[in-house]
Number of protein chains: 2
Amino acid sequence: MKKNVIAGQSGGPTAVINASLYGVVCEALKHKDSFGTVYGMVNGIEGFLNGQAMDMAPLQASGELELIRTTPGSYLGSCRYKLPEDLDDPVYQELFSQFAEYGIGYFFYIGGNDSMDTVSKLSRYARLVKSEIRFIGIPKTIDNDLVLTDHTPGFGSAARYVATTVREIALDAAVYDNKKSVTIVEIMGRHAGWLTAASVLARKFEGDNPLLIYLPETPFDPDTFLQDVQSSLDKAANLVVCISEGIHDGNGKFICELASDVGVDTFGHKMLTGSGKYLENLVKDRLGVKVRSVELNVSQRCSSSMLSGTDLAEAAASGAYGIKCALDGETGKMVALKRIPGDDYQVAYGTEDVTLICNREKEVPAEWITGNGSDIGPGFISYARPLIQGDVKVPMEDGLPKFAYRKSMLPKK
Amino acid sequence: MKKNVIAGQSGGPTAVINASLYGVVCEALKHKDSFGTVYGMVNGIEGFLNGQAMDMAPLQASGELELIRTTPGSYLGSCRYKLPEDLDDPVYQELFSQFAEYGIGYFFYIGGNDSMDTVSKLSRYARLVKSEIRFIGIPKTIDNDLVLTDHTPGFGSAARYVATTVREIALDAAVYDNKKSVTIVEIMGRHAGWLTAASVLARKFEGDNPLLIYLPETPFDPDTFLQDVQSSLDKAANLVVCISEGIHDGNGKFICELASDVGVDTFGHKMLTGSGKYLENLVKDRLGVKVRSVELNVSQRCSSSMLSGTDLAEAAASGAYGIKCALDGETGKMVALKRIPGDDYQVAYGTEDVTLICNREKEVPAEWITGNGSDIGPGFISYARPLIQGDVKVPMEDGLPKFAYRKSMLPKK
């Protein structure tokens, strides 16, 4: 009897995590000889434990699957559920009875670090109990911090969004060019600065903004920062500075935590402010120059308006490749992208042991960080530029993007 | 001898203020029999006082003018310079000698309230000194708060950006639909809530987010707000609330000012936080539910990714219409848009006395605000929906939007 397929999404959403789901489901539905039902698990492994799963085939027939491809966010819903380290924990037995009940032979999990940890544990438990279920991870994260893959689906679109938005903010900042001003843009990335580094792509010409870029890979010193700002203002009247939310002092303290040493809000809580807001106040206080901060916030991971065609295609291809690997008998693996050397950008797909990937983080290489930690060099630009190429036509309806909604999200008829 | 034309931009930029400049310049260049040189004033009236002006004709020949059309921000730079009330002030004489020096016969100023004040004063001074220079205002503001015009160029694109982004944020918020959460989105608009009201367009079906929308047109009571949030959470697990930055208590105090009663930051400054951040803390403190706030910030006025085709075309047409009015001998007028009644959206262009427009603000009509000030009704939707229609293809280069830069912004060769 044919085994069934189940695919889930986990962790924070991206603009193309649904394209990976599309890839998995479309490819699985092509192999009717090999697979039975193709399920989606709702709200990840946590929802599945509560019996939440849906048959995906009707979505292809109705055309909804095509719409899912360009819908940001996690169509199936997500979870942040960490499986216990101890494989003797009863939750594993519970999950595997659930797999048995659904006749699952193939399990696909689209996510980042933590999701790969789930794939690792499930595949190890499967080996332990001699289950034949195959577990495959599909990479997804705007943070681009997974090891053993050239980059991760989700990064290209987020990078394109960041670079575009920073270029637009630089234009906005240049409007009053007879007055000095500083604009601080805070970009997502707690531990790795890939996305912040992408702001360098906004630079159109020598001396164009952003003139300063700070990543968490380099310890951040507020005094050096102030000197950098001061000397940049001598060169450009309207300075745009990009910082990672995760910049820190090198001694385990995030810059955004410095504010809470003193500040207390109306409710008596410690003032929780972003790094950008903290630095805005610092610049105002020390340099007395006009300054504002802008937090790019969730649009970095959910904007459909700056989808990278390359990223979208790779996200779908990663999902489809996962199906092929599972058919070939692989398990405990993550789909990985390998860049083929040459003048034209090209990637090949392969797999890597998921246990070597989970719980590790890939940082921006030190040699790509220049200007004593205040700039990004040409190495990164050559790496990132191909990832933001290609326009995507998102279906529109009544002037707005048309997205796919899971039935359970819609009002009862 | 033919008189010359000068066009300037003033106040905050929008995504289509350059399309209006494009409209003025293109139309002026068509009338070579009537006009001499077509100048752009750099950094508005303030820059012009310092002799900053540029010949615009070469930009058409080079193709740059076409690029200016879809470039956000003020290509010519802007200023926030308020002319003195007293028409005897020497600055008027100074300006008019500058006009004489440049042979100006026609003056176009693209801007909002304050810019119309400039047009009003200059045209009144001209009458006083019997100058024949004609002064025409071209409306521009994302705030949509100018009176005597159906709407303002700039609003449609900003509204489309807001509605799209709120729809995407709602998807992002729905990802963990097994947990309750509140997302507060802060939208621009200090005194008028037009742009915040546009968030209602994000709603795709009955019961879809944003479930609550608060404008500055209605006094805001934090306790009623908390009750609204609580009862909405019974209906939707993941609530999205949209608020204007300018919501206030009805007694002259902005909600964002409530925080600064107590909070003091690291530098001893009163804590300056947005209304969204204040309400985030309030919900956390009182309702104990998972909550975050998102400030849409400057992208509302400078994003080129959600340009409304209708808005872009009307911005250019307003500029072109201004030229025709000046040729017809009008002065002291602002171009105004009139909606032609009927099933299909159509506008006609006319002019209104600029002195009746400046220093006034148009609010969202009370009958369009529903739910005791917590929602927006169908009247607004019918009004706003046509303004966000139509896609625009922004030229791309190396994966990013290609924008026009004034020569003085580029590095010296």
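User: How many residues does the contact take from chain A and from chain B?

Analyst: Keeping in mind that this is a predicted model, the contact takes 64 residues from chain A and 64 residues from chain B.

User: And which element of chain A gives the largest share of the side that touches chain B?

Analyst: That is helix H7 of chain A, residues 155-173, which supplies 9 residues, the largest share of the side of chain A that touches chain B. Helix H11 (275-287), strand E9 (290-295), helix H12 (299-302) and strand E15 (400-401) of chain A also each supply at least two residues of that side.

User: How do the residues on that side of chain A divide into nonpolar, polar and charged?

Analyst: The side of chain A that touches chain B divides into 29 nonpolar, 21 polar and 14 charged residues.

User: Switching to domains: how is chain A divided?

Analyst: Chain A has a domain 1 made of 3-154, 304-359 and 391-407, and a domain 2 that covers 157-300. The C-alpha centres of domain 1 and domain 2 of chain A lie 34 Å apart, and the contact of these two domains takes 12 residues from domain 1 and 12 residues from domain 2.

User: What classes of residue are on the domain 1 side of that contact?

Analyst: On the side of domain 1 of chain A that touches domain 2 of chain A, there are 5 nonpolar, 4 polar and 3 charged residues.

User: Now the sheet with E7 in chain A. What is the strand order, and is the pairing parallel or antiparallel?

Analyst: In chain A, 4 strands form an open sheet in the order E7-E8-E6-E9, and their pairing is parallel. Strand E7 (212-214) and strand E9 of chain A are the edge strands, each pairing on one side only, and the twist from one strand to the next averages 15°.

User: How many bridges hold E7(A) to E8(A)?

Analyst: E7(A) pairs with strand E8 (residues 238-244) of chain A over 3 bridges, in the parallel sense, and A:Tyr214 has A:Ile243 as its bridge partner in E8(A).

User: Which strands do H9(A) and H11(A) lie across?

Analyst: Helix H9 (residues 222-235) of chain A lies across strand E6 (181-187), E7 and E8 of chain A, and runs at about 150° to E8(A). Helix H11 of chain A lies across E6, E8 and E9 of chain A, running at about 180° to E9(A).

User: Over to chain B, then. What is the order of its open sheet?

Analyst: The 4 strands of the open sheet in chain B come in the order E7-E8-E6-E9, with parallel pairing. The edge strands, each pairing on one side only, are E7 (212-214) and E9 (290-295) of chain B. E7(B) is joined to strand E8 (residues 238-244) of chain B by 3 bridges, and B:Ile213 has B:Cys242 as its bridge partner in E8(B).

User: At what angle do H9(B) and H11(B) cross?

Analyst: The axes of helix H9 (residues 222-235) of chain B and H11(B) cross at roughly 70° and come within 11 Å, which means that H9(B) is roughly perpendicular to H11(B). The crossing of H9(B) and H11(B) is right-handed.

User: Which residues make that contact?

Analyst: H9(B) contributes B:Pro222, B:Leu226, B:Val229 and B:Gln230, while H11(B) contributes B:Leu282, B:Val283, B:Arg286 and B:Leu287. By class, the residues of the contact of H9(B) with H11(B) divide into 6 nonpolar, 1 polar and 1 charged.

Note on methods: Residues numbered from 1 in each chain as written. Chains lettered and ligands numbered in written order. Predicted model: local features only at pLDDT ≥ 70, side-chain atom pairs only at ≥ 80, totals over all residues. Pairing = 2+ DSSP bridges. Domains from an automatic or database assignment. Contact = placed C-beta atoms within 7 Å. Nonpolar A, V, L, I, M, F, W, Y, C, P; charged D, E, K, R; others polar. Axes fitted to C-alpha atoms, helices over the stretch in contact; angles between N-to-C directions. Parallel < 35°, antiparallel > 145°, perpendicular 65-115°, else oblique. Left-handed = near helix turned anticlockwise from the far one by under 90°.
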